[in-house]
Amino acid sequence: MNDIFSNTKEFIREYRAEFADHLGKAFEDSNALEQYTMLVHLIRRHISRQWVYTNTRYGKKDGDKQIYYFSMEFLIGKLLNNYLINLGIRDIVNDGLSQLHVALEDLFDVEMDAGLGNGGLGRLAACFLDSMAFLGIPGHGNGIRYRFGLFRQRIVDGQQVELPDNWLNNGYPWEVRKPEKSVIVRFNGSVASRGEEGKLVFTHENYDAVLAVPYDVPMIGYNRDDQINTLRLWSAEQTGDEFDFASFNRGDYAKALHTRSDAEAISYVLYPNDSNQSGQELRLKQEYFLVAAGVGGIVARYKKKRGNILEFNENISIHINDTHPALCVAELTRILVDEEKLDWDRAWAITVNTISFTNHTVMPEALERWPEEMFRRLLPRIYMIICEIDRRNRVFLESHSATQTQIDNTAILRDGQLRMVNLAVIGSHTVNGVAALHTEILKRDLLRDFYAISPYKFKNETNGVSHRRFLLCANPGLSALISEAAGDGWKENMRELEKLEPFKRDPEFLKRLSAVKRQNKERLAKYILDVNGVTVDPGSIFDVHVKRIHGYKRQLLNILKIMELYNNVRENPNLEIPPCTFLFAGKAAPGYHFAKMVIHLISAVADKINADPLVRNTLKVVFLENFNVTIGEIIYPAADISEQISIAGKEASGTGNMKQMMNGAITLGTLDGANVEIHDAVGEENMGLFGLKVEQVQSFYRKGGYLSWDEYHSDHRLKRLVDQLIDGFFPDVGHEFRDIYDGLLRDNDEYFVLKDFSSYMAAFSKLQGWYLDPETWQRISLHNIAHSWPFSSDETIRRYESDIWNQ
């Protein structure tokens, strides 16, 4: 497919014209940033007509249901390479730029990763948009245009330092500002009521107004330039002429800009630190800002195209990605009652039949709760709506013989707090988990009272990732090998990867597979040398642990394993083990002290091992700072071992496991999240499995019976490792790791690091043995690739469409 440029000559002619038309200069006088920007402008100009046509066509015919996906994160990464492939013009553009003496790869380097997310939640949302665009589903994203992203991570003296992510410094040429679509969002103030035609009417007064301005980014699917979806990002701005000119003239510049600063702060940073009241208020403002802008825009567009608000849920689906956008429930109800003048019962029926909800976590800190008084003050009318939702839900449960425990546990308002997950479940027609195990935990534990009352609401939709982004785009060498063996069909239907099965018995093919992996490892090794100054051996096992730093993800368990290997090699320099490069990457939340200490520990271990000449040919440890999509696209194709070692029952799904699996990595993991389904797909003989089962973990949490001191005293390896945290083994850190030591022993090892250590070491040793037999390793690697198709986001989105959005 390529209806954009018929040949290289045409591309060069149009590309040169962009510089004259937009910059008033010749191509020869341009720099790399301008060359990148003009290339994006050229692509956007070509797709703009179809983009407009798509938006005009959507919603006009019956059955053309619009899907609006609300998420606080959309980790879309860089778009240029992906879109060149999707549009079928990469080769033409590459050839044209070469004739102009420009390297396409250099322009890829100019593009910034969009600072719109942090981890799996945001990358999943981006993969879903990719698959909806490819599948021709009218699906659009609603998010926030963060000025400074989450943060740019630097590792200084072994410790994480957070800096602003200035990804918008040079503009973002993919976006189109749409000020005419702006929405007023109201905070604070009071609510007045009056009688009108026998009904009570409410008006929000004396509010602080913030202008939500949309920026649209095209979502271009693979081989689908005939249909282009939209990611709409909302930016917070000051409304009207609220500049305090008098204060400015008096020299009080801070006061003059106060209103503007307060408004714009809403879209400055993803997940501001909420350890204080100001941070909590800003987070709540962010969430309502996204919801009010997004839902308001959807209703306005629907009324313009369709008109009949009573048919809203037949034509619109709103999906809330985790609890952050749960206020969609209250905001849509408010619009239907206050602005569309519907009675409550009708408004509520439309709301519930419009909204669906995905839960992504069982971790308590992610199940948002807001102080009721703060919420009432900041969002007075929304608070009233939620009070009525809560009251009616209690009445309904009482009339249907629910127990008092069920009523209390499903209440939105309780003990002075507003519980967002309960609002999301009550206000949605469908609630889904993101892996089979996670959904079962929701049903029997976290949301068991909801499940007992409304079992029909609950479904499982296991996560998936875009194989075109993380295999076709990120790993061209492997993609070419797959296409040569199995044809190109896998690019549009990942099930076609099963055609690789016979090649597990082809030694020559396995050697070629190994050669592709070697090339990817050499590329990563070069990146590590350039960024970290550390030389690693591409022939070593690349053991990869890249994800958000958190206690339950157990980077600590991994680093203890590495310390044990180091101890063993130091004691026995002639020990024969395959060389290993251990690679970590990920960010710790700014206020999460333990996670930051783990980063420091990883860095300390890396410094010690990498400087020791006795192990320089056996072990290396690397922490790559500022992990993002682009770095992931370098790491995933090079991974040999995929570390997925969270404590069973805590990881909802995981998606890094899927990305590495489809690139040929072998999973070393627990039966947690989607690891369970990876195990089902490949079999225990094709992965490294270890650790407590979820039933054992939950039993320990509920009944006790686990004492980390017992593990510490009964295993001499563990005693030495834990003691090394505080006994001077790391001479330059003092008592820095005392908190980790205390967490393992005094606090009884919350995430069972010591309990799972022995089985983890055994599983790792098994994988080491496989690696020593190259043919065995490549056969298992290929088996993983061939059976990774269930984890394509195309498969996931097809299920969402049939099971949730179009039910």
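Leaving aside neighbours within four places in sequence, which residues is Y15 in contact with? The model is a predicted one.

1. **Y15 and its contacts.** Y15 is in contact with F27, Q35, Y36, M38, L39, L42, L97, L100 and L107, once neighbours within four places in sequence are left aside. Y15 also belongs to the largest nonpolar core, where Y15 and L327 are the residues with the most contacts inside it.

2. **The cores.** The largest nonpolar core has 205 residues. Helix α10, residues 277–305, gives the most to this core: 11 residues. As general background, nonpolar side chains in soluble globular proteins tend to be buried together.

3. **Helices α1 and α4.** Y15 comes up again here, as one of the α1 residues that meet α4. The axes of α1 (residues 8–23) and α4 (residues 90–99) come within 9 Å. They cross at roughly 65 degrees, and the crossing is right-handed. From α1, the residues involved are T8, F11, I12 and Y15. They meet I92, V93, D95, G96, L97 and Q99 of α4. By class, this contact has six nonpolar, three polar and one charged residues.

4. **The six-stranded sheet.** Six strands form an open sheet with parallel pairing. Their order is β20-β19-β18-β21-β22-β23. β20 (619–624) and β23 (688–689) stand at the edges. Each has a single partner strand, so one side of each is left without a neighbour in the sheet.

5. Strands β18 (residues 541–546) and β19 (residues 580–585) run parallel and are joined by six bridges. H545 stands opposite F584 in β19. Helix α24, residues 593–610, packs on the sheet and touches β19 and β20. The direction of α24 makes about 140 degrees with that of β20.

6. **N686, in a loop.** Is N686 buried or exposed? N686 is found in the loop between α27 (675–682) and β23. Its relative accessible area is 9%. The cut-off for buried is under 20%, so N686 counts as buried. Leaving out residues up to four places away in sequence, N686 touches I666, W770, I780, H783 and N784.

7. **Two residues with positive phi.** Most residues other than glycine have a negative phi. Y271 is not a glycine, yet has a positive phi of about 55 degrees. Y271 sits in the loop between α9 (258–264) and α10. Y271 is buried, at a relative accessible area of 16%. D749 also has a positive phi, near 55 degrees, in a residue other than glycine. D749 lies in the loop between α31 (738–744) and α32 (753–771). D749 counts as buried, at 2% relative accessibility.

8. **Helix α21.** Which residues of α21 (residues 476–486) are buried? They are L478, S479, L481, I482, S483 and A486. These buried residues pack against four helices: α20 (467–473), α22 (507–532), α26 (656–662) and α33 (774–786). G487 follows α21 and has a positive phi, near 85 degrees.

Technical notes. Residues are numbered from 1 along each chain as its sequence is written. This is a predicted model: local features need pLDDT of at least 70, side-chain atom pairs count only at pLDDT 80 or more; totals for chains, interfaces and linings use all residues. Side-chain values use heavy atoms; hydrogens and water are left out. A nonpolar core is a set of buried Ala, Val, Leu, Ile, Met, Phe, Trp, Tyr and Cys residues joined through side-chain atoms within 4.5 Å. Buried means under 20% relative accessible area, exposed over 50%, partly exposed in between (1.4 Å probe, protein chains only). Contact means heavy atoms within 4.5 Å. Two strands pair if DSSP finds at least two bridges between them. Axes are lines fitted to C-alpha atoms, for helices over the stretch in contact, and angles run from 0 to 180 degrees between N-to-C directions. A crossing is left-handed if the near helix is turned anticlockwise from the far one by less than a right angle, and right-handed if clockwise. Ala, Val, Leu, Ile, Met, Phe, Trp, Tyr, Cys and Pro count as nonpolar, Asp, Glu, Lys and Arg as charged, and the others, Gly among them, as polar.
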